[in-house]
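Walk through this structure with the coordinates open.

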Protein chains: 2
Amino acid sequence: MAKNIVSMKKDYAQWYLDVIRAAGLADYSPVRGCMVIRPSGYAIWEAIRNELDERFRDTGHENAYFPIFIPESFMKKEAEHVEGFAPEVAVVTHGGGKKLEEPLFIRPTSETMIGAMYARWIQSYRDLPVLINQWANVVRWEMRTRLFLRTSEFLWQEGHTAHETRAEAEEETRRMLEVYRSFVQDELAIPVLAGEKTSTERFAGAEATYTIEGMMQDGKALQMGTSHFLGQNFARAFDIRFEGRDQKLQYAWTTSWGVSTRLIGALIMVHSDDNGLVLPPRVAPVSMAIIPIFKTSEELKQVRDFAMGMLGRLVGADELDKAQSRVSPEGRLTAFFDFHGKKKVVLDERDMRPGEKHYFWEQQGVPLRIEIGPRDVKSGSVVVKQRFGERLQIPAAEFTPEKARELLQTMQKGLFERAKAFREAHTYTAGTYEQLVATLRDKPGFVRVNFVPTPDVEARLKEETKATVRLILPPEEAQPGRDIFTGEQTDIQVIVAQSY
Amino acid sequence: MAKNIVSMKKDYAQWYLDVIRAAGLADYSPVRGCMVIRPSGYAIWEAIRNELDERFRDTGHENAYFPIFIPESFMKKEAEHVEGFAPEVAVVTHGGGKKLEEPLFIRPTSETMIGAMYARWIQSYRDLPVLINQWANVVRWEMRTRLFLRTSEFLWQEGHTAHETRAEAEEETRRMLEVYRSFVQDELAIPVLAGEKTSTERFAGAEATYTIEGMMQDGKALQMGTSHFLGQNFARAFDIRFEGRDQKLQYAWTTSWGVSTRLIGALIMVHSDDNGLVLPPRVAPVSMAIIPIFKTSEELKQVRDFAMGMLGRLVGADELDKAQSRVSPEGRLTAFFDFHGKKKVVLDERDMRPGEKHYFWEQQGVPLRIEIGPRDVKSGSVVVKQRFGERLQIPAAEFTPEKARELLQTMQKGLFERAKAFREAHTYTAGTYEQLVATLRDKPGFVRVNFVPTPDVEARLKEETKATVRLILPPEEAQPGRDIFTGEQTDIQVIVAQSY
């Protein structure tokens with residue numbers, strides 16, 4: 001176990017921070033509640049962004065950018081919305097040396113500004129649907145912050161769409177939830193449950209909120225993405241009206257959906273271990289680190305030639321040439337390898353002991369570490385240490401790009417399976433309220449339980465157990481049973497858990 | 001000439017706005033001075049970002065993200081810096097319903113916040129260089145705004161680096177200026193002059209500022225990117241110190257450099273015409289629009305089959321399949337074509353007259369419009385209308401991806417050559433102050449002139465001509481001559497022009 005990382009079992013919250021610090025992912029800034037996302041962390045966000053962006057594009061969305069400032073009066077146009085967000089906004093009162101006539105809120109989310117623009121752009125049913133996404137920073141003033149999970153400023157994407165009919169908007173809401181679900185499972189290797197939120201947990205101003213929820217290694221739930229059906233609430237507030245096919249003026253139906261840098265927190269909490277970060281290969285910015293081991297300068301030369309030969313086979317001669325002309329930090333050579341986009345392969349020739357390099361790359365969560373020493377040169381083989389999986393010895397000629405991709409793909413799948421098995425092992429059922437309370441008290445994890453959620457019973461539950469209804473299971477996944485509060489038979493089954 | 005675009009000659013400022021509106025690139029928002037970048041405009045920014053990002057990566061830089069908030073006290077640590085930026089900052093005074101203990105500035109630039117973090121991260125010469133770039137929004141409160149050129153909020157990238165020696169930092173400053181110069185010339189097809197700014201025009205807190213300047217079609221100069229050598233000014237203000245190779249504690253040498261969404265304004269003003277936007281193919285999000293022309297449903301079928309065949313040849317069968325399963329706006333099929341990244345090819349089957357589509361894509365600045373009618377199907381040829389260049393009739397079998405790329409590349413080059421010829425035709429020399437004044441009054445453009453810039457003569461020049469020294473020509477490009485103010489012989493030659 002690494003000395004700079006406390007054991008997950010001993011102190012989960014500290015372990016989480018230790019993993020982040022050891023991998024250099026992020027740092028608290030001098031501004032309360034705001035984080036700095038360091039290059040290793042930001043590269044993960046870029047991998048997430050690039051992949052999601054392609055999925056948004058394939059579902060017909062385009063990116064745009066709207067102002068960070070929202071006039072106070074805009075927020076007030078939708079009553080529930082302002083009630084939900086006003087307590088956590090940051091307010092600009094002065095600009096260019098003068099007091100502003102109207103204070104400006106820094107966007108906590110952009111339904112209002114985008115609604116105002118849609119009202120200008122949408123005149124006729126021919127202008128619909130409008131399918132826009134924005135990558136941006138948002139601010140929600142937080143008292144208790146935790147890197148990636150809850151900070152005053154964070155990065156996210158927010159999709160905002162407008163449609164001709166209720167049915168189309170509802171379909172969009174579900175489509176984007178499915179985009180999130182498949183993205184998180186395929187790319188982040190995190191199994192999630194998808195379903196609707198109760199009215200208590202709904203987005204301020206929405207008619208329905210859908211969520212994907214993952215289980216962290218402490219058994220708590222993390223909300224990883226939400227998709228909202230906004231009905232005509234924002235269209236009425238901002239006068240988004242169009243002339244329909246029947247030539248009558250009518251309000252548009254809108255949706256919004258988002259995921260944030262919180263996903264990096266999920267990645268850490270689902271896959272990492274007491275040795276540090278573990279990253280699923282599809283979003284690991286560095287796929288492979290090559291560590292030469294040598295004692296004499298003669299050995300160095302042999303090992304280096306051997307390593308360069310292997311690198312050339314992995315990335316191709318052209319890319320190796322480019323890599324050699326690329327400016328790199330001292331002692332490191334970075335080439336790019338094709339695996340779900342461009343991933344880095346780093347030849348680490350820094351003036352450090354091999355053991356230090358080993359721990360460095362292990363804590364960075366790099367999927368494959370390849371060690372090459374004089375003995376390997378002689379035997380013509382390489383030792384591949386997998387961040388999740390066995391240590392392998394492979395003839396160098398067989399360590400082809402295809403072989404590397406196969407190892408990475410197998411690791412991706414293995415991480416998903418492990419996380420899924422963990423979730424299944426920590427999911428319980430409860431037939432009575434007493435059982436629910438006892439399970440939540442004794443066993444970290446999710447509890448499947450039958451009841452019809454109402455603000456009253458949810459308040460009682462939270463008060464007595466600190467847990468909440470994470471989602472209402474969709475009909476096809478729900479087992480009917482007796483409502484633990486009323487004793488009536490019901491088709492409604494929910495997931496209850498403590499959460500971040 | 002398009003009815004919705006005023007002639008450039010008649011009203012240049014209005015022409016600029018008309019081109020933007022006709023292409024749907026941006027819109028003013030309800031917040032004073034802030035713009036909305038619409039999908040067509042944002043896609044250009046993404047093309048710029050992707051290409052620059054690769055050039056930053058190849059010169060060893062990594063991306064990161066720093067907080068948008070800067071404590072007032074941070075800005076005050078560097079005297080010149082706060083003097084330069086304080087008048088135009090937006091100030092947050094309240095957060096989470098409470099008055100803040102210390103007001104927070106919204107970043108107008110991030111030297112101070114990043115300096116504070118570098119002070120934490122940099123301990124030893126082994127930690128250097130630090131080569132970080134950030135893509136972000138910044139706010140500078142502006143009284144007079146103009147879409148893309150000057151808005152209160154804009155998007156940009158800001159590179160911030162720290163080095164062990166003065167020489168390395170100076171080298172970095174020049175390297176990044178060269179990255180900008182070659183990027184703008186290669187990708188945006190805009191010829192620029194590169195050189196140092198005078199002390200009057202220097203970045204607040206820098207020892208030296210270098211700039212690239214382009215000439216717009218009204219003869220005015222536009223500053224398109226700057227690279228600053230900050231000396232040890234910010235290192236002293238933020239205590240960025242490290243133990244050197246000599247084991248002595250010393251201050252780091254820092255640089256910063258940036259370009260912004262202003263580059264989109266440059267693209268418009270350099271290449272567009274009275275028919276609307278003209279985009280250099282390398283940054284045009286849509287490379288080609290295919291417009292079917294038909295009268296009967298029998299013709300429609302023939303034309304459609306022919307168009308799909310051509311599209312399949314251009315993008316490949318796999319991509320055509322994907323395109324057909326992609327969700328697209330009604331009546332449009334979007335496939336992706338490889339030309340300096342992924343560019344769109346749109347088959348436009350909207351229910352509009354072909355003439356309307358023709359103008360639509362012309363005003364969007366799409367490089368190639370391909371019209372296919374029954375006559376073309378019979379003759380087996382396609383008509384290619386180039387946004388800049390001749391109308392071509394090509395046998396369909398010869399309109400291969402290679403041919404399309406060749407046409408696009410030729411157009412890219414042609415646009416650069418045209419802009420360069422324009423600049424050369426509008427660059428003058430002046431041997432006396434009177435000549436300079438007369439030239440600036442009578443002939444829009446740049447004037448090459450010999451004098452040693454000082455705050456006094458620059459103030460006089462600005463007062464009497466509205467023009468400024470855009471840059472000091474580098475020694476290898478400067479012609480020696482007599483200083484127009486002192487009459488002394490000098491090697492210093494500068495470019496004087498009116499500017500945005």
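How many bridges join strand β19 of chain A to β20(A)? There are 5 bridges between strand β19 (residues 381-386) of chain A and β20(A), and the two run antiparallel. One pair to find is A:V384, which stands opposite A:L392 in β20(A).

A word on conventions. This is a predicted model, in which local features need pLDDT of at least 70 and side-chain atom pairs count only at pLDDT 80 or more, while totals for chains, interfaces and linings use all residues. Residues are numbered from 1 along each chain as its sequence is written, and chains are lettered from A and ligands numbered from 1 in the order in which they are written. Helices (H or I, at least four residues) and strands (E, at least two) are DSSP runs, numbered from the N terminus. Two strands pair if DSSP finds at least two bridges between them.

Now place that pair in its sheet. In chain A, 6 strands form an open sheet in the order β16-β17-β15-β18-β19-β20, with mixed pairing. β16 (332-338) and β20 (391-395) of chain A are the edge strands, each pairing on one side only. From one strand to the next, the twist averages 25°.

A:H94 stands opposite B:V91 in β5(B).

Step back to the interface. 47 residues of chain B are in contact (C-beta atoms, placed from the backbone, within 7 Å) with 47 residues of chain A. β5(B) gives the most to the side of chain B that touches chain A, with 6 residues. By class, that side has 28 nonpolar, 11 polar and 8 charged residues. Ala, Val, Leu, Ile, Met, Phe, Trp, Tyr, Cys and Pro count as nonpolar, Asp, Glu, Lys and Arg as charged, and the others, Gly among them, as polar.

Next, two helices. The axes of α9 (residues 297-315) and α10 (residues 317-325) of chain A come within 7 Å and cross at roughly 120°. Axes are lines fitted to C-alpha atoms, for helices over the stretch in contact, and angles run from 0 to 180 degrees between N-to-C directions. A:L311, A:G312 and A:V315 in α9(A) meet A:A317, A:E319 and A:L320 in α10(A). This contact has 4 nonpolar, 1 polar and 1 charged residues.

Is helix α8 of chain A mostly covered or uncovered? Helix α8 (residues 262-271) is mostly covered: 10 of its 10 residues are buried. Buried means that 20 or more other C-beta atoms lie within 10 Å of a residue's own, with C-beta atoms placed from the backbone. The buried residues of α8(A) pack against elements of chain A including α1 (12-23), β14 (253-260) and α13 (401-425).

Notes
Contact = placed C-beta atoms within 7 Å. Buried ≥ 20, exposed ≤ 12 C-beta atoms within 10 Å, placed from the backbone.
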